[in-house]
Amino acid sequence: MAQTIENMKDITLPLLSSWNGAGLTFDHKADVIDLLDRHSDEELGQNLAAVIILIRLMISFDETKLLDRCVSVFERNIDSYDGVDKNHLLMNFERFIGLSKYNNIAEMTEHFRKALTYLDGPFTGEERVGNWTFGSPSVLLMFHRDSGGLSRELEFMREGMPIYYELTDGHGYGAEFVMEAEAAFNAGDFTEAETTAHKAWYYAREKDQWSIMLTAVFLQMRLLLFKGDWFEILNNKRRIAETMEREKLNLLRHTLDICESGIFLLLDMPDMVTPWIAEGDASLTRVMFPAKPALNIVYGRYLLARGEHAKLCGAAGGARTTAANLNCLLGVIYSDIYLAAARFSLGQESAAIDRLRTALDAALPDNILMPFAENAGYIKELLNRLKNAERYTERITRVFELHKNFEQTKKIIQRKHFPRKTDVLSDDEYETASLAARDFSNKQIAEKLFLTEAAVKSRLINIFQKLKISKRKQLKDIFGVDSKM
């Protein structure tokens, strides 16, 4: 099949439908679109099984106009279709139309329920093999869209996902529990979050839902930060990385980069961010549209940590638009927090306060506190100014409590597992050591830091003396990273 896929221009519609789209990924987007463009509506209408596959692919590719074309072809021809698989086509059509309503859980559920009426036997397709999250590291980030509506959204998830599981043999199994766990975490209820995250992980493992397992593991890593347990964070990361390597889950490797970089940024270590994220160029990856808000959140925090406030204003403004277009409320909230911090640092106090107030008004009706707690170090003065407002007092007090807790455990991790820049290494030495710990060669470090290889070698000798080590691999233990990190 791989040889055939490499020659998409030789593909016929019947052959596409016989594959059921198996083996086609985001890498084949241009070829699939070319295949669609080469056929008229009349030709498409003569092979509705292929049209169904194209509908699914256009949803994945976020090609709205081409999706509308395929949907129109299907609707115009399905009534006159007399094949024995008509119910199966209708079932898949309603299922995919449900997915196209992303991320309106209520509308999605209505289509899933209608699809179920066409299911005349146990589902036997390969749908549960796919990546349910499209590479997003968070279910809550994907599906929370309405301020004040989180409880209702969770109810729709509990109602709608079992219907979807019946249609797909468990695709996305455990997603509703991840979203519940993330909601509890964002409210500061760590006990409920941890319990439900483990539940989600076990459900996902039952059906080999790797993307759901990754979202559960990422949440567990964030919870472990509040416990100061760096070694267990590494253990979680290693387990999921080994799974992705074994299962050849290439798309999720980018998701793990996002998760890993997010953890380092929470520890105030921007030098440890994965290079492609630090460069702000998602075009180098296969990050799909549901994962872009998560990537933007991490990149915004990176710019904030680097003090690039003017650049952040532009990037966060664009990220906010992207999140708003996707009805991704958490993405909007994070963008507004970053914009508030950046504006304040640039001396635009009034604009900063207005932006933070907008973020609070969107988040607090659903008791979403963690975006503020995680970034309180950057917006502390702004939060204090708004704290006296009656509608904010109690929640901002809780934000400061969560932030204080995290600052204490963060310092434990930094003291035990990382050299203090101010006490042990200079800023230049710290950056060099962090790159060496992540398996960058002397030549690569020299290119990145605009040094000669001799200068890098000399600097590493000084670093080894200060840290009292003799081998390069010992940097991994000091920095608490493995061979990937």
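This is a predicted model: local features need pLDDT of at least 70, side-chain atom pairs count only at pLDDT 80 or more; totals for chains, interfaces and linings use all residues.
**Asp-268 and Lys-410**

Asp-268 sits in the loop between α15 (250–266) and α16 (275–278), and Lys-410 in helix α23 (residues 390–417), so the pair ties together parts that are 142 residues apart in sequence. I note that helices (H or I, at least four residues) and strands (E, at least two) are DSSP runs, numbered from the N terminus.

Next I checked burial. Buried means under 20% relative accessible area, exposed over 50%, and partly exposed in between (1.4 Å probe, protein chains only). Asp-268 is partly exposed at 34% relative accessibility. Lys-410 is buried at 4%.

**Method notes**

I number residues from 1 along each chain as its sequence is written, and side-chain values use heavy atoms, with hydrogens and water left out. Local features need pLDDT of at least 70 and side-chain atom pairs count only at pLDDT 80 or more, while totals for chains, interfaces and linings use all residues.

**Other salt bridges**

How many salt bridges does the structure hold? I found 28.

I picked Glu-349 and Arg-385 next. Their closest N and O atoms are 2.9 Å apart in a salt bridge. Glu-349 belongs to helix α20 (residues 349–363) and Arg-385 to helix α22 (residues 376–387), so this pair ties together parts 36 residues apart in sequence. Glu-349 is partly exposed, at 36% relative accessible area. Arg-385 is also partly exposed, at 37%.

I then checked Glu-232 and Arg-239. Their side chains meet in a salt bridge at 3.3 Å, N to O. Glu-232 is partly exposed at 27% relative accessible area. Arg-239 is partly exposed at 44%.

**Nonpolar cores**

I turned to the nonpolar cores (sets of buried Ala, Val, Leu, Ile, Met, Phe, Trp, Tyr and Cys residues joined through side-chain atoms within 4.5 Å). The largest has 144 residues. Within this core, Leu-356, Phe-372 and Leu-475 touch the most other members.

I listed the contacts (heavy atoms within 4.5 Å) of Phe-372. Leaving aside neighbours within four places in sequence, Phe-372 is in contact with Ile-333, Ile-337, Leu-356, Ala-359, Leu-360, Ala-363, Ile-379 and Val-399. I also logged a second, separate core of 31 residues, including Leu-35, Ala-50, Leu-57 and Leu-89.

Methods:
A salt bridge is a side-chain nitrogen of Lys or Arg within 4 Å of a carboxyl oxygen of Asp or Glu.
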